[in-house]
Amino acid sequence: VAGRPAMKGSQRIGWDPLHKTLRSWVFDSEGGFAEGTWTCDADRWVVKTTGVTRDGKPASATSVTTRTAKDRMTWQSRDRVIGGERLPDVGPVHIVRTPPKAN
């Protein structure tokens with residue numbers, strides 16, 4: 001991307017029995033990581049995330065995934081802050097599930 005290798009990442013989502021909520025942990029290929037708390041609100045999931053970049057800057061964001069139809073949803077990231085600097089919102093990004101091909 002822009003002459004640099006794209007960042008990669010992985011996310012783990014699991015049930016937190018102590019707080020009775022879904023939580024997630026994100027790890028990126030540059031050494032940053034974050035954790036999030038999930039809340040269901042009708043047809044959308046809101047994830048409040050806090051973390052740190054590879055160089056130690058605090059980071060936070062709110063992601064919203066909204067189901068818009070049976071096989072469609074949107075994703076957006078709002079209120080993004082890294083190292084005290086506000087970043088522009090991202091999205092909405094429209095995602096469509098493609099059905100499997102018939103044999």
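Here is a short walk through the model, stop by stop.

**Before you start.** This is a predicted model, where local features need pLDDT of at least 70 and side-chain atom pairs count only at pLDDT 80 or more, while totals for chains, interfaces and linings use all residues. Residues are numbered from 1 along each chain as its sequence is written, and side-chain values use heavy atoms, with hydrogens and water left out.

**The whole chain.** Switch to a cartoon view. You'll find eight strands and zero helices (DSSP runs numbered from the N terminus: E of at least two residues for strands, H or I of at least four for helices). From the N terminus on, the order is β-β-β-β-β-β-β-β. Along the principal axes, the C-alpha atoms fill a box of roughly 45 × 45 × 25 Å.

**E1 and E2.** Select residues 9–16 for strand E1 and 21–28 for strand E2. E1 and E2 pair in the antiparallel sense over eight bridges; strands count as paired if DSSP finds at least two bridges between them. Click on Gly 9, and you'll see it opposite Asp 28 in E2. Four residues lie between the two strands of this hairpin, and Lys 20 in the turn has a positive phi of about 55 degrees.

**On to E3.** Leu 22 makes a handy landmark, opposite Trp 38 in E3. The E2–E3 hairpin has four residues between its strands, and there Gly 31 takes a positive phi near 105 degrees.

**Then E4.** Now select residues 44–52, strand E4, which pairs antiparallel with E3 over nine bridges. Glu 35 has Thr 50 in E4 as its bridge partner. This hairpin has two residues between its strands, with Ala 42 in the turn at a positive phi of about 60 degrees.

**E5, E6 and neighbours.** Jump to strand E5 (58–69) and strand E6 (72–82). E5 and E6 run antiparallel, joined by nine bridges, and form a hairpin with two residues between them. Look for Val 64 opposite Gln 76 in E6. E6 also pairs antiparallel with strand E7 (residues 85–86) over two bridges, where Val 81 is bridged to Arg 86. Gly 83, in the turn of the E6–E7 hairpin, has a positive phi of about 55 degrees. E6 pairs with E8 too, antiparallel over five bridges; to spot this, find Arg 72 and its bridge partner Val 96.

**The largest pocket.** E1, E2, E3, E4, E5 and E6 each supply at least two lining residues.

**Last stop: a nonpolar patch.** Select Met 73, Trp 75, Val 93 and Ile 95, which make a nonpolar surface patch of about 290 Å². Patch residues have over 30% relative accessible area and no salt bridge, and nonpolar side chains are joined within 5 Å. (Areas are Shrake-Rupley with a 1.4 Å probe; a salt bridge puts a Lys or Arg side-chain nitrogen within 4 Å of an Asp or Glu carboxyl oxygen.) E6 and strand E8 (90–96) each give two or more residues to this patch, and Trp 75 is found in E6.

Note on methods
Patch = residues over 30% accessible without salt bridge, like charges linked within 9 Å, V, L, I, M, F, W, Y side chains within 5 Å.
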